Amino acid sequence: SEPDLNEMRAMGERICDTFLRPDAPMALDLFDEVARQSLMDMAMDTRLPTASARRIFDAAQAAAVNAMEAQCYQAFMRSEHFSYILELKAKEGVVPGLPDFRL
């Protein structure tokens with residue numbers, strides 16, 4: 001089933017306000033002004049069918065993921081932060097037994 005069109009429009013507006021507008025708090029610099037305006041116009045288009053509306057940000061999403069992979073993914077994978085996260089995740093599966101406690 002398709003999501004509610006009004007809900008999708010609200011989410012699209014939130015994406016525009018957060019990432020696409022030039023003065024957005026987390027503005028992406030991946031797009032030129034024409035592409036940015038085109039995305040915002042499509043997100044606000046009330047005549048767009050639901051099936052098309054749910055694909056508006058697919059290209060932008062792919063561009064953002066590619067940019068993250070190119071700029072910081074490998075460095076993050078080698079970082080102490082990621083190693084720490086892996087250590088914590090590994091510990092989640094360990095069930096302490098009686099020998100793990102000191103009396």
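Guide: Let us begin with a term: two residues are in contact when heavy atoms of theirs lie within 4.5 Å. This is a predicted model, in which local features need pLDDT of at least 70 and side-chain atom pairs count only at pLDDT 80 or more, while totals for chains, interfaces and linings use all residues. Residues are numbered from 1 along each chain as its sequence is written, and side-chain values use heavy atoms, with hydrogens and water left out.

Visitor: What percentage of the contacts in the protein with a separation of 6 or more comes from residues 24 or more positions apart?

Guide: The count takes in the contacts whose partners have a separation of 6 or more. Of these, the share that belongs to residues 24 or more positions apart is 47%.

Visitor: Which pattern does the protein follow along the sequence?

Guide: Helices (H or I, at least four residues) and strands (E, at least two) are DSSP runs, numbered from the N terminus. The protein has five helices and zero strands. Read along the sequence, the pattern is therefore α-α-α-α-α.

Visitor: What is the radius of gyration of the protein, and how does it compare with the globule rule?

Guide: The radius is taken over C-alpha atoms, and the globule rule is 2.2 Å times the number of residues to the power 0.38. For 103 residues that rule gives 13 Å, and the protein is well over this, so it is more spread out than a compact globule. The C-alpha atoms fill a box of roughly 70 × 35 × 20 Å, taken along the principal axes. The radius of gyration itself is 21 Å.

Visitor: Which helices are included in what covers the buried residues of helix H1?

Guide: A residue is buried under 20% relative accessible area, exposed over 50% and partly exposed in between, with a 1.4 Å probe and protein chains only. In helix H1, residues 5–20, the buried residues are Met 8, Arg 9, Gly 12, Cys 16, Thr 18 and Leu 20. Their cover includes helix H2 (33–44) and helix H3 (50–53).

Visitor: Is Asn 6 buried or exposed?

Guide: Asn 6 is also found in helix H1, and its C-alpha atom is separated by 9.7 Å from that of Thr 50, 44 residues apart along the chain. Because its relative accessible area is 53%, Asn 6 is exposed.

Visitor: Which backbone oxygen does the side chain of Thr 18 reach?

Guide: Thr 18 lies in helix H1 and, leaving aside its neighbours within four places in sequence, is in contact with Ala 24, Pro 25, Met 26 and Ala 27. At a distance of 2.8 Å, its side chain reaches the backbone oxygen of Arg 14.

Visitor: Why does Arg 36 count as buried?

Guide: Arg 36 has its place in helix H2. Not counting residues up to four places away in sequence, Arg 36 touches Phe 19, Leu 20, Arg 21, Pro 22, Leu 28, Asp 29 and Phe 31. Arg 36 counts as buried because its relative accessibility is 8%.

Visitor: How far is the C-alpha atom of Leu 39 from that of Ala 60?

Guide: Leu 39 is found in helix H2 and is buried, with a relative accessible area of 8%. Leaving aside neighbours within four places in sequence, its contacts are Leu 20, Phe 31, Ile 56, Phe 57 and Ala 60. Although Leu 39 and Ala 60 are 21 residues apart along the chain, their C-alpha atoms are separated by 8.5 Å.

Conventions:
Polar contact = N/O pair within 3.5 Å; in protein donor to acceptor, adjacent residues only side chain to side chain.
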